[in-house]
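Hello,

Here is the structure you are taking over. My notes follow below it.

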Amino acid sequence: MARRLPPLSSLPVFEAAARRMSFLQAADELGVTPGAVSRQIQNLETHLGTPLFRRTNRMVELTDAGRAYMQDIQNALETIATATERARTPERRRPLAICAYPSFAIRWLLPRWRSFHDRHPEIDIQLTTSLDSVDFSRDPFDAAVMVGNGRWPGLASVKLCPITVFPICSPARLKSRMPLKHPRDLAHHQLIHATSRPEDWPRWLEEAGAKSVDSTRGITFENQTIALQAALDDIGVAMGIEALVADELAQGRLVQPFKHVRQTRNSFYLVYPKAKAGNPQLAAFLDWLAQNN
C-alpha cells in the first residue's frame with residue numbers, strides 16, 4: 001500500500017519556522033526568501049487539510065495541530081538525517097569544499113592543515129583558491145573565507161583573524177644607503193602593491209603622516225603572495241597583513257620598519273550557509289577552528 005506522504009521539501013521548512021516561530025528567521029536560516037517559506041507552509045497545510053500556524057500582523061504561533069505535528073516530524077527528520085549519514089560510505093562521501101583567497105590559503109590555512117587532518121583523517125577537503133566573491137547559490141562550496149564585518153544575509157560566519165596592515169621589508173633593506181627611520185623615507189624606496197588590496201598603501205601613509213609619499217608608484221603584483229615574495233627578495237617595501245606574515249617576522253626573514261600599524265574595520269571570516277550547519281564534516285571543521293584559533 002502506497003504511503004500518503006506530504007510534500008517532503010516542505011517538512012524542513014515547517015520545522016525551521018516552528019522552531020523559530022518566525023517565517024523571516026526560518027528563511028534566513030535556510031537561505032531562501034520569506035515568501036518561499038510561506039508558500040511551502042501553505043502547501044503543507046493544504047495537503048494536511050488543517051492550519052499549522054495562526055498568523056497575525058507581527059508574529060506566527062503554532063496551532064494545536066501544528067504543535068503536535070512539529071513534535072512528530074522533528075524526531076522523523078532527525079532519524080532521516082542520521083540514517084542518511086550512516087548510509088554514506090567513505091568512498092561516496094563528498095569532500096568538504098572550501099574556497100579561500102590564495103594568500104590566506106597558503107599563509108594561514110595550510111600551516112594549520114596538518115592539525116585538522118591528524119584529528120579528522122576521515123574527512124577529505126577540497127580547497128579552491130580564488131579572489132572572486134563566492135555565491136553559495138551558484139558555487140559548489142560548503143564554506144568560504146571572506147573579508148567583511150561578519151554579517152552576510154542568510155549566512156553564518158566565524159571570525160578567523162583581524163586584518164592589521166603595516167609595511168614590511170627584507171632586513172637587508174634596513175642596512176641600505178637609504179634609511180627607513182620615518183615613513184617619509186619611503187619616498188626613496190620602491191613600493192610593492194597587490195591589486196587585491198589597492199587601498200592599503202594610501203590609507204597607511206595618510207595615517208602615518210606621510211601623505212607626501214606617492215602611494216601609486218612602484219611595482220604591482222596580482223596578489224599578496226607574489227608581493228610578499230618580492231619583499232622577501234628585497235625588491236622593495238610591501239604592505240603585509242599581520243596574520244599572514246607572522247612566521248616570517250618571527251623568523252627574521254621580514255622586518256617591520258615602522259611602529260605604526262593600521263587596524264582595518266574588516267576581518268577574515270569563514271562563512272557558510274546556515275542551512276549547512278548540520279553538515280557533520282563542516283561541524284567538525286568549525287569545532288576544530290574554535291579550538292585552534
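Two strands count as paired if DSSP finds at least two bridges between them. Helices (H or I, at least four residues) and strands (E, at least two) are DSSP runs, numbered from the N terminus. The model is predicted, so local features need pLDDT of at least 70, side-chain atom pairs count only at pLDDT 80 or more, and totals for chains, interfaces and linings use all residues. Residues are numbered from 1 along each chain as its sequence is written, and side-chain values use heavy atoms, with hydrogens and water left out.

The sheet: eight strands make an open, mixed sheet, ordered S4-S3-S5-S10-S6-S9-S7-S8. S4 (125-129) and S8 (219-221) are the edges; each has a single partner strand, so one side of each lacks a neighbour in the sheet. Neighbouring strands are turned by 30° against each other on average, direction ignored. Axes are lines fitted to C-alpha atoms, for helices over the stretch in contact (heavy atoms within 4.5 Å). Angles run from 0 to 180 degrees between N-to-C directions.

S6 (residues 155-168) and S9 (residues 237-241) run antiparallel, joined by four bridges. Ile168 faces Ala238 in S9. Helix H8 (residues 242-251) packs on the sheet and touches S6, S9 and S10 (262-273). Its direction makes about 55° with that of S6.

S5 (residues 143-148) is largely enclosed by the rest of the structure, because five of its six residues are buried (under 20% relative accessible area, 1.4 Å probe, protein chains only). Two bridges link S5 in parallel to S3 (residues 96-100), with Ile98 opposite Ala143. Five bridges pair S5 with S10, antiparallel. There, Val147 stands opposite Phe268.

Best wishes

Technical notes
Buried < 20%, exposed > 50% of the residue type's maximum accessible area, 1.4 Å probe, protein only.
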